[in-house]
Amino acid sequence: MRFLDYIFLALRNISRQKLRSALTIFAIVIGSTSVAIMLTIVFSAKNFINSQFEKNGTFQQIEVSPQQSIQWGRNNQGCNSQSSVTGCVNITDSIVNKISKLPHVIGVTKEIAVQGAFDGLFYGHKKLQVMQVLAYDANGIVTSSMLAGRDIRPSDGPGVITITSDYANALGFKNNYSKLIGQTVILHSTAFYSGVGSNPVAQSQYIQQFCNNSTNQCSPPATELKAKIIGISNSNSPIGPGRYTIRVPMSWATGMEEQQSVQYPSSQLKVTNLLTQNGYSQLIVKVDNASNAANVAQTIRKDFGVGAADAETAIKQQLSIFNIIGYILGGIGGIALVVAAVGVVNTMIMSILERTREIGVMRAVGARRSTINRLFTFEASLLGLLGGALGVLLCYLLTLAGNPLINNQLKGNNISSQNILAMPTWLILSVIIGTTVIGLLAGLYPARRAARLDPVEALRFE
Amino acid sequence: MPELIKITSLTKTYKLGDEILNALDNVTLNIRAGEFVAITGPSGSGKSTLANIISGLDRPTKGSIIVDGSDLSKMKDRKLSDYRNKNLGYVFQSFNLQGNQTALENVMMPMYFSRVGHKDRHKRARECLESVGLGDRINHKPGQLSGGQRQRVAIARALALNPKIIIADEPTGNLDSVKGQEILSVLKDLNEQGITLIIITHDQTIAREASRIIKIHDGKVRLR
Ligand SMILES: Nc1ncnc2c1ncn2[C@@H]1O[C@H](COP(=O)(O)OP(=O)(O)O)[C@@H](O)[C@H]1O
Ligand SMILES: [Mg+2]
């Protein structure tokens, strides 16, 4: 029999028992839709995250930290003299120089995280907690996405800051970020802050007077620094620091890292700088090509004893969770498909029983056993194919319905990406081919039974 | 005329538990090309069993059946199916049409199995229906046709691939005598065009029209 005739006859048979065929296909649709939509969500999410990082050139970046064991993610606290973290290597300017001369390295960003110096951001009556004061020379390597105003420039001196959108929201400027630009806020220091802007004489006197006696509470007066907001950066920018971050110019951060004290009885002012003592909190090293990142990171670890992590290795690792979720969810849909396959077997056996006499007639007028076998296998495969195709279609409609919701959500988070739910072609094809194969497999046994019917008995069947 | 069908010492045995039943018992007979043979005998005598073996639907337990030089009992399913498809037209007592398909579609059925193309299939099916006098009923479904018309559709289907042999197992059994005569004359016309015709029947008026009557009794053939 001709290939097209098989399809034609199989389709005609399927449409003969409309309700039964529809129910059987429906079960396959449920299974294939769930597999398709689950995998679509997982892979779209993965793609989305990947593309966000790729867009920012993140895969070309390596984080270098004084701590040898670091996790990629820009939240490494670095090392300082007070902390008991072991295995710290100071990232000095000399190390920075050497790193920037390594092959494939095209730039280095130095970062200073001002630790424990400030605890409050005041604006009018609003008092917000300070999580992180950070400075880095962007060098064209790190870009913050600005929602209003402008980013810090190398030429900026002390007294200006940018804050993240979450801060701006907390200050009551949601959707009104530009109104904050040019406003002055107060950075409120912790009690023992002795960096730029503090009064070391008064502080030393206070300490001399009150802090030698353990019964007294010892809290030297805090310092308040005026800061002008020049930009609002996106908290959600995956490259940016934490959600609540204040960025200051490098020169200001260097001053904040100073420790000044007055020596008694000499009354001499002693100034040390934590930066020279501890080195930079972190470096972002940019390489020419993402494929070199992992190797360069390894070289940096080996040559300088510092920690170095490339984004790609880390992100790929984190994204592998999506694979796992995908497999689990896909597995659930798979079980639905197995149940649907049982439905196909059942439908086919029923249909063959009903058509016993017809099979006898077909045999009598010249159908071979193989013809009957193929005809019913085609029919079962076609049920699978139709189920898969409808499933994919339904999945597509679901992405059409889901995308506006997600777009809205992303827009609320200041991410401009659109319609991130998309079915990859391979997924469409695998779902349709997969259900067709399931139908085919489910049809094998019933079709064999049909082919083995004795024509004489089949013709006598009532 | 040369022998078309040569049946030699053919036995068909059914086992029902311990009982052994010879539906056909050492049958030997020849049928020449172009003959019109009637096979008669009481119910249960083995007529249908013989028809099924000649038509390649069933196989003998012992003995040989040679049609047109090839031994049916030695053929694989593939060749035997092709034999049924191309050399033989089977007409059933109960018509065995597909109720949900039109006369045309029913007649086309054998042609799917010999890969006749879409256009030729339609053309030939129409021709066959016209030749049995149903040119104006091609799109009717069996339910919309009378018994005689249904049997004519079945004959048209048997004709579809120009068979050498038409074998009809009690083709008039479900019809009144007038309709029966009509069917007989259709079949006789085909015989006159050269098709070997084997009719199994109870009806002596039909049997008498044949050039030869083969009587079966308890699976044994008495030639006359
Ligand atoms: N599949 C079968 N199993 C057992 N006995 C059968 C089978 N087919 C036919 N028979 C028996 O073989 C004998 C001949 O049957 P059949 O050829 O149909 O008779 P007829 O057509 O002459 O009425 C009958 O006794 C019948 O019961
Ligand atoms: Mg009979």
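User: How do I read the interface here: how much area do chain A and chain B bury between them?

Analyst: Buried area is the accessible area (1.4 Å probe) that two parts lose on being put together, summed over both. In this predicted model, chains A and B bury about 2400 Å², with 52% of it on carbon and sulfur atoms. On chain A's side, R2(A), V365(A) and R368(A) supply 25% of the area buried against chain B, more than any other three residues.

User: Before we go on, what are the ground rules?

Analyst: Residues are numbered from 1 along each chain as its sequence is written, and chains are lettered from A and ligands numbered from 1 in the order in which they are written. Local features need pLDDT of at least 70 and side-chain atom pairs count only at pLDDT 80 or more, while totals for chains, interfaces and linings use all residues; side-chain values use heavy atoms, with hydrogens and water left out.

User: How many residues of each chain are in contact?

Analyst: Contact means heavy atoms within 4.5 Å. By that test, 22 residues of chain A touch 25 residues of chain B. Polar contacts are pairs of N or O atoms within 3.5 Å; within protein, one must be able to donate a hydrogen and the other to accept it, and residues adjacent in sequence count only if both atoms are side-chain atoms. Between the two chains, 13 residue pairs are in polar contact, both partners being at pLDDT 80 or more. α10(A) gives the most to chain A's side, with 6 residues; helices here are DSSP runs of H or I, at least four residues, and strands are runs of E, at least two, numbered from the N terminus.

User: Where does ligand 1 lie?

Analyst: Ligand 1 lies between chains A and B. A residue counts as near if one of its heavy atoms lies within 4 Å. There are 14 residues around ligand 1, and G44(B), G46(B), K47(B), S48(B) and T49(B) come nearest. The largest share of the shell, 3 residues, comes from α1(B).

User: Which polar atoms does ligand 1 approach?

Analyst: An oxygen atom of ligand 1 is 2.7 Å from a polar backbone atom of G44(B). A ligand nitrogen atom is 3.2 Å from an N or O atom in the side chain of R460(A).
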